[in-house]
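Dear colleague,

I am passing on the structure below, together with some notes on what came out of it. Please read the notes with the structure open beside you.

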Amino acid sequence: MTLLTYLRRKLGLTGTKLGCAEGGCGACTVMISKFHPHLKCIVHHAVNACLAPVCSLHHCAVITVDGIGTVASRLHPVQERIAKAHGSQCGFCTPGMVMSMYTLLRNNPEPSMVDIEEAFQGNLCRCTGYRPILEGYKTFAKVLDFGLWYCEDPTVLNQMYDPSKFIPLDPTQEVIFPPELLPPRQMKFKGERVLWIQPSTLTELLDLKSHYPESKLVVGNTEVGMPTIFPSNTGIVFGAACTLTLLGEVLRDAVAKLPTYQTEVFKAILEQLRWFAGKQIRNVAVCLEQTIIKYCFKFGAVLGQYFSAFKQSPRQEDDIAIVTCGMNVVFKEGSNIVEKILLSFGGMAPTTVIPKTTCKKLIGSAWNEKLLEDACASLAEEMVLPPSAPGGMVPYRRTLTLSLFFKFYLTVKHYLAVDLQHEVLIRYYSSATELFHKDSPSSVQLFQAVPPGQSSEDFVGRPIMHLSALKQATGEAVYCDDIPCYENELHLALITSTKAHAHILSIDTGEAMTVPGVVAFVFAKDIPGSNITGPAFYDESVTCVGHIVGAVVADTQAHAQRAAKVVKITYDELKPIISIQDAIDSQSFYQPVRTMKKGDTAQGFKDSDHILEGEIHIGGQEHFYLETNCTVAVPKGEDGEMELFVSTQTHVVFLVSALGVPANRIVCRVKRMGGGFGGKESRSIILSTVVAVAAMKRPVRCMLDRDEDMLVTGGRHPFLGRYKVGYMTSGKIIALDVTFYANAGNSKDLSFSIVERALFHMENSYNIPHVCGTGYMCKTNLPSNTAFRGFGGPQGMMVAESWMSDVALACGIPSYEVRRMNLYNEGDLTPFNQRLEQFTIGKCWEECLDISNYMKRQGAVEEFNRYFHRWTKRGLSIIPTKFGISFTSVFLNQAGALVHIYTDGSVLLTHGGTEMGQGLHTKMVQVASRALGIPCSKIFISETSTNTVANTSPTAASASSDLNGMAVYNACQTLLQRLEPYKVKNPKGSWEDWVNAAYFDRVNLSANGFYKTPDLGYNFDSNSGRAFNYFSYGVSCSEVEIDCLTGRQKTLHTTIVMDVGKSLNPAIDIGQVEGAFMQGLGLFTLEELHYSPQGSLLTRGPGMYKIPAFGDIPVELQVSLLRDSPNDKAIFSSKVLGEPPLFMAASVFYAIKDAITAARSESGLSGPFRLDSPATSERIRNACEDRFTKLCPPAEPGTYTPWAVRV
């Protein structure tokens, strides 16, 4: 049993969350304290509770988020600051953040910013974009820098909270270590299948090992009593039980004390440790065997020995290496002639590889250009990978071996210049020798102040804290799986297909029945109603890996999962269709095919000076909400009634069909979600349906593990965009013909609407006279892809920016000029013939240029690239966005609300939207507060429930604040009309007086509200009608720096200007901008799903699938909410902001492309080139073509079976 299971299920301490079960997200972080027998003191470590066996914690004190502060009693400063700094949105990651910071402060009450950033290397957040978390905790640092921006305009604010009001940290008030835990003694724990023995001395360990010779030694959170560190005459010896954290501390101490020449190896090891795993893992990870690490190979102050180590991974921090290496060279005394050389590479074979032939060839050679050429040619021949090698990226990995050796070559050349007074390495090449470094991030947020005279009790327009933030920071906020277990509750595990396309011949549950605790199996025959949900179960054939075949119900989750794994399914396999290209080749499409036309494209191409054709592939994306899909179903025992607690964004109509009962018998309740992003709009139904069917007699619970959730629920649609563009020599675009292919997966799900939205956004913000767009839904054997923040819009706009970039490169005109000349103007018509009103792109563009100092920055980038850096390049890009607001399915543009006023004056508010961290409930309380004229403190939202507001639309399409806000306002107006006579009678009375007077006069103090967006309805056939209520606009500028040798990149600067109308809550809106931007950064630069040729998802969980982390924040981030741009089509002149900012991250992608263009020019390459999304380190390096890439060409397609296919 893990510590996490023990905390949540045995002790009922649900503040600590389960996010991934593999130590990769940090949601389960707790603090472990213990007496260290060798340091003779109490040590505190942050650890992952999901990995720590509870048996391993004997003699340890465990402190969780539940134990350091509560909302009702006293908040700990760590909890208060993350909440009030707006660093908690969905809140599921917040307890882990709190405990990582808490542990740091227990060890170091005055940390540096470097310490704080390092503390969070093992924590992930999908909502906030990380900036507010760091800013809140920056207040604990020795040096404070809040990134304040001075502005003389009093209507512009940039401070969303007052740090001076924070509770001060008092280390003397922390919980002490229990003295009872000091004396160690041997302990035994006997479980269902395991005997765990914890020895207290080395003698006990040896005796136990002789008695149990087949036993495994487990070393993680504890030592085993042996000496761990001692110096020797050649180095430092680290015992097998030394943690990596301790190893790092000892080496840092040695580096500070010993001469420089003795610590080169130590420095290289420390540099690698910086990027190895997260703090929680390093705190418990140990050396697998006794390891001796010497001071360095230059021991004894002998000149002529040089050592370097390199690691390249998809994400800089907490990631597995693609290729890693250590390189050592020894020169003959006083010369540059190689006497010995040793190169060692990881990631080029199952084990470490030493290119012995290359090393042998280089002995006796002078360290010069000829040696470099010989070494690279030899490495290219010797470091060969088969094209089907596990992990893929074969040309990139081979190129990295050469690139990293080149870095070593330049590094040693630099040292030789110093030691032997040789020619100094010129600055043009020196950047290739620099270690990766990124300054601590700084930021500015600008928003409009509320108008003078606005009541202090009117919180609309003010940056108030998310209403659940404090509860989320203390662990008291209740999520679906935090609900206490019911009596006789059972747990469910899914039985899923392992084949992408096959007939099921038989299902054998015999072995599974023998697993303890198994109660029943659920298959298609057990569904009492319709199997329409996808369907919920497959009993004859499966059409993707991860199809739900059935389910196991048992007394515990562990038993259910163990039984599910041993269910044997026999298949008759069929040929699968996996990729978009497979679907095109097979003409495997769902119908209908959508087309949108405006103007005459044939004539437009004739009138153009030039015609350009190209294509771009945009990869899919996993939602990676921190809380996976979860359902608790509770049967009521009569009339088919059932209560469901579901982490969902949508209604339960399909679930009702499966149960075969009317909708009025089912109550679905949603308190809050730990993130959604569209992933819980339709796909949550497949789990809730299965759980509901299994719960006909007893309560049943299921929360998917991270790998299960990623396997069965699908994600963002991969897109292939093919385009033909007609343009003038000036850069003005005349005609566009674009075709979209979306990988829909094994069912339509929401793909039809997603492809439609891609067509609605195919021109982004550009006025193209002649346009034709076509959209295909590819029918493949992948889990059905689904809604994801942007809903097809980002893919459509990404294709648009690809052809815009190509036109700029072809014309030789700066891309910002080409983009600016093609922008829409007020009153222009879109391709779907909707006139643009209150059009603010131009205003956003000019403000973005101004705030970012674009022209000055452009000059600095050009100077950097042209004169000083061959192997490091910078790029700059500015990108607009125009995002339509409304559901494109007209019937969904409606919402309801229910408002109760109680006799004490308190108000209970319910509406049809669900809270998933976007601050919807907070905004609705603000709306009701202004509408009723009472403080927010009098208004409460408990949950979203189908028995209070029926027939709700999904909380999606960025429209929830508009729809539900107007519904709430409508209900409040009804109540105000009823209260008006009593206000007139008693004008000096209080709110409570009026309410009581109305009550005693028998006036109904409850009201329903309803709203539907007016004048909507677009017809594809006639290309007429109004598709959207209005548009949200924004412009983003980003500057990046790339390492041309490895493909590594960092974002140096981003400025975002967003038009949000009159913001209801600037803090929440800025949080949405930054969170969406970072999610887009993942989509366009980092996150990559890998599928095998057989359709199996290879990237399941944070170990293989990397979302942006703290280290991926732009070094400078400026967010400005456009001032003086009211929107007359939404509640209180606001605009919604969930999805539009995501595309702002495209500015990073095209800045990368700009930097690659500079790199390619060094090799004599110019003009348009293809760069698919995401712009990973692999794609960046491969696009920076040079002499090294030419030595490692890819294998011919069709001559091998790849490890992974692009879907």
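This is a predicted model: local features need pLDDT of at least 70, side-chain atom pairs count only at pLDDT 80 or more; totals for chains, interfaces and linings use all residues.

Residues are numbered from 1 along each chain as its sequence is written, and side-chain values use heavy atoms, with hydrogens and water left out.

The UniProt annotation "binding site", which comes from an unreviewed entry, covers Glu681, Arg757, Phe791 and Thr888; such annotations may be inferred rather than shown by experiment, and their positions are given in the numbering used here. From this set, Glu681 and Phe791 belong to the lining of the largest cavity (on a 1 Å grid over the protein atoms alone, a cavity is a set of points where a 1.4 Å probe fits but cannot get out, and lining residues have an atom within 4 Å of a point).

Glu681 sits in the loop between strand 24 (666-670) and helix 20 (684-694), helices being DSSP runs of H or I with at least four residues and strands runs of E with at least two, numbered from the N terminus. Glu681 counts as buried because its relative accessibility is 7% (buried means under 20% relative accessible area, exposed over 50%, and partly exposed in between, with a 1.4 Å probe and protein chains only). Leaving aside neighbours within four places in sequence, its contacts (heavy atoms within 4.5 Å) include Gln649, Leu750 and Phe791.

Thr888, in the loop between strand 29 (872-885) and strand 30 (894-901), is partly exposed at 21%. With the neighbours within four places again left aside, Thr888 touches Arg757, among others.

The second largest pocket (an open set of grid points with protein on both sides within 12 Å along at least five of seven lines) is lined by 50 residues, of which Glu1178, Arg1179, Tyr1200, Ala1204 and Arg1206 lie nearest its centre. Among the elements that give two or more residues to this lining are helix 12 (394-419) and helix 32 (1177-1183).

In helix 16 (residues 557-565), the buried residues are His559, Ala560, Gln561, Ala563 and Ala564, and they pack against elements including strand 14 (490-496) and helix 21 (706-712). Lys356, in helix 10 (residues 356-362), is by contrast exposed, with a relative accessible area of 64%.

Best regards
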